[in-house]
Amino acid sequence: MSIHKEVKKVTTHVLQAMKARDEKIAMLTAYDYSMARILDAAKIDVLLVGDSASNVMAGHETTLPITLDQMIYHAASVVRAVERALVVVDLPFGSYQGDSKRALQSTVRIMKEAGAHAVKLEGGKEVKDSIERILSAGVPVMGHLGLTPQSIYKFGTYTVRAKEEAEAERLIKDAKLLQKLGCFAIVLEKIPAKLTKVVSEELVIPTIGIGAGPDADGQVLVTHDLLGITKDFHPRFLRRYLELFDEIKGATERYIHDVKTNDFPNEKEQY
Ligand code: KIV
């Protein structure tokens with residue numbers, strides 16, 4: 001029997017056991033109560049309250065504008081819905097970089113006010129002090145390497161990272177450092193599949209890929225992309241399971257028609 005089927009509550013130790021048993025980890029984003037309930041009922045292993053909420057929920061072009069207060073609001077809504085999944089919350093831009101005390105304060109707020117189970121932050125050795133301080137408070141940390149959207153203005157584009165040898169070597173070094181510091185897992189975003197394989201084989205902690213090929217120990221997608229709510233986003237790595245933009249648009253058009261033609265509400269739909 002798979003760990004996924006057996007387990008009633010996913011913890012960081014469960015994820016570690018999944019890697020040890022070669023069982024893939026399934027992770028999706030969630031930002032609100034209703035969606036989190038559905039995903040948790042489907043037995044998703046990890047729910048990430050991603051700072052992609054800045055794009056998906058608030059309509060910003062980047063993840064930079066979202067605030068710690070806003071992340072806590074989204075995270076608390078998700079935590080209220082969840083019975084089984086591990087809930088990981090992104091530390092937003094400006095809440096942890098270059099100031100480990102601030103990183104811990106931001107984390108404490110996320111843990112206390114939202115009831116999260118772990119935090120995620122972007123970067124390698126440049127965020128070492130922040131990771132160490134958060135871990136010293138007993139809070140599990142998920143790393144994030146490769147394309148790190150909070151640094152988009154440094155990269156300039158959202159293209160694949162670590163294609164060149166020097167950057168790939170740096171990424172491997174950073175991944176080993178994050179493991180050594182005590183991170184329980186690492187997201188690898190938009191890197192070559194071959195590099196994901198190397199990193200995943202070298203580490204004992206799980207890797208979770210997005211646009212990083214099949215050899216990560218788990219996969220993550222933004223739920224709104226997977227469901228086809230974000231219509232105009234078509235990266236190669238994305239598999240759409242529904243076309244909800246069109247479904248919802250169609251339902252809304254039918255509702256408008258029914259209201260305008262006096263078809264809704266009918267005799268049975270009134271008191
Ligand atoms: O914010 C987010 O949704 C993420 C995932 C893409 C990994 O960081």
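The model is predicted, so to speak of local features we need pLDDT of at least 70, and side-chain atom pairs count only at pLDDT 80 or more, while totals for chains, interfaces and linings use all residues. Residues are numbered from 1 along each chain as its sequence is written, and side-chain values use heavy atoms, with hydrogens and water left out.

Let's start with α5 and α6. Helix α5 covers residues 68-81, and helix α6 covers residues 100-114; helices here are DSSP runs of H or I, at least four residues, numbered from the N terminus. These two pack at about 35 degrees, with axes 9 Å apart; axes are lines fitted to C-alpha atoms over the stretch in contact, and angles run from 0 to 180 degrees between N-to-C directions. On the α5 side, the contact includes L68, I72 and V79, and on the α6 side it includes R109 and I110; contact means heavy atoms within 4.5 Å.

Staying in α6, let's look at T107. T107 is buried, with a relative accessible area of 0%; buried means under 20%, with a 1.4 Å probe and protein chains only. Leaving aside residues up to four places away in sequence, T107 touches L91, V119, I134 and V139.

Now the other pair. Helix α7, residues 128-136, packs against helix α9, residues 165-181, at about 25 degrees, with axes 10 Å apart. They are therefore roughly parallel to each other, a label for angles under 35 degrees. Here K128, I131, E132 and L135 of α7 meet L177, L178 and L181 of α9.

Definitions and conventions
Angles under 35 degrees count as roughly parallel, over 145 as roughly antiparallel, 65 to 115 as roughly perpendicular and the rest as oblique. Buried means under 20% relative accessible area, exposed over 50%, partly exposed in between (1.4 Å probe, protein chains only).
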